[in-house]
Amino acid sequence: MLVTLGAGLALLTAAAAGNAAPALAAARTGLAAAGWHSSTTASAADAVLPGPSRSGAQPVVSHFADSSSLVIAPLRRLLQADLFVVAPTTLSPAVAAAVRRLPGVAAVQPLDAARIQMDGKLTATLGVDPSAFRAFAAKPTAESTGLWRNVAAGGVAISYTMGKLDKLPLGRDVLVNGRRAEKLPLAGLGTVGIGGVDAVVSDAVARSLGMPAGNAIVISAPHAVLSTLMAQIRKVLPRGAAVAPLVAQSAPSPAAGTATGSSSAGTWAGAGTSAADGPSLSRAQVIAFLTAAESRLGLPYVWGGNGPTQFDCSGLVQWSLAQAGVVMPRVAADQAQAGPAVSLSQLAPGDLLFYHTDPTAPGYISHVAIYLGDGEMLQAPQPGQYVEVAPADFGSEFAGAIQVDPRVAAAVAGNLAG
């Protein structure tokens with residue numbers, strides 16, 4: 001089964017529909033006011049853009065006997081993936097050329113994008129030129145020449161989170177249902193750091209799977225005002241194409257203290273606006289949300305589980321908020337954009353807590369839990385465990401917290417019903 005992404009990553013569905021501009025502008029304004037932007041200073045409760053410059057563990061790579069002779073271009077620099085363009089069909093090379101000429105654009109890389117069934121689960125997949133695309137990945141993944149050599153040899157790279165939680169062992173083939181069913185060797189476990197994307201194949205394999213050729217573009221523009229650049233990009237896109245920011249929320253541990261002169265840090269506390277200043281869940285919605293979540297206690301964790309009887313972490317959040325009439329995006333990295341940032345002193349029941357748990361993409365948000373109050377959280381933890389109440393974790397993997405804004409959540413999910 002193959003589904004063209006079209007406008008399926010983060011805000012892309014709403015953007016493609018052409019009716020989301022006010023809500024998306026409000027979402028971006030609210031997030032910027034709450035401090036989810038790059039800066040040069042940080043405080044004990046800061047948020048940073050999780051770019052590819054953060055250090056971490058190297059991906060777990062399979063040994064392909066026939067890939068050692070393949071030449072992969074060396075990694076000369078890392079590129080921050082800032083914007084993502086996607087269309088239902090192939091984009092003309094003229095589109096990429098026009099985007100490349102816009103002020104503030106540092107790099108542009110065409111690629112293929114679709115949702116494909118992998119190991120029985122519909123998975124957002126990119127088809128790439130391994131040599132050209134690796135620079136856009138999170139640093140540990142970008143640096144793994146062996147992983148990209150295996151992708152060039154015909155393997156599929158799976159995100160570290162999907163591989164570990166879905167228990168995909170190295171050395172086995174992954175059943176992929178594209179144009180036809182194929183078995184692809186597992187190239188390794190390494191996360192690219194683009195929200196929602198859990199698989200990467202070479203552009204040659206993408207052709208074999210029936211993915212549309214060149215229907216997407218990843219853009220690096222680290223010094224541009226993204227809202228302005230997005231408006232300029234929309235002018236050169238064909239009908240049906242859309243552009244959205246690849247922005248995930250992130251924060252250092254609150255135990256980190258006050259940092260100064262950090263080039264990768266951004267302030268998220270205040271800037272004149274707090275979570276209390278904007279729309280949030282009503283009391284009735286919070287009660288319905290938490291009641292629904294608590295009703296799932298004891299049910300098993302299953303990677304990709306959407307409920308109602310099995311869940312992964314973000315599936316539990318999405319399902320529970322749906323019972324309160326709130327539309328949420330599916331993956332944790334996108335859920336982290338569903339409302340303004342909240343400092344630890346402002347945490348309230350119903351807020352969402354986010355975590356970095358992926359060593360191959362240390363800046364990528366890969367886990368979410370629900371704050372219950374009184375120092376407790378509710379979560380779907382990992383395979384072999386069950387939905388549980390646990391002490392709220394504000395340790396080294398804690399990335400930050402948000403207060404859910406139904407309007408922003410719906411916009412991020414690509415559905416303005418919220």
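This is a predicted model: local features need pLDDT of at least 70, side-chain atom pairs count only at pLDDT 80 or more; totals for chains, interfaces and linings use all residues.

A: Start with the pairing. Strand E4 (residues 107-118) runs antiparallel to strand E10, and 5 bridges join E4 to E10. Two strands count as paired if DSSP finds at least two bridges between them. Helices (H or I, at least four residues) and strands (E, at least two) are DSSP runs, numbered from the N terminus.

Residues are numbered from 1 along each chain as its sequence is written, and side-chain values use heavy atoms, with hydrogens and water left out.

E10 has another partner. Strand E3 (residues 83-86) pairs with E10 in the antiparallel sense, over 4 bridges. Here Phe84 has Val218 of E10 as its bridge partner.

Now the burial. Strand E10 (residues 216-220) is largely enclosed by the rest of the structure, because 5 of its 5 residues are buried. Buried means under 20% relative accessible area, exposed over 50%, partly exposed in between (1.4 Å probe, protein chains only). Both faces of E10 are covered. Ala216, Val218 and Ser220 are buried on one side. Ile217 and Ile219 are buried on the other.

For the setting, the chain has 13 helices and 16 strands. Of its 418 residues, 53% count as buried.
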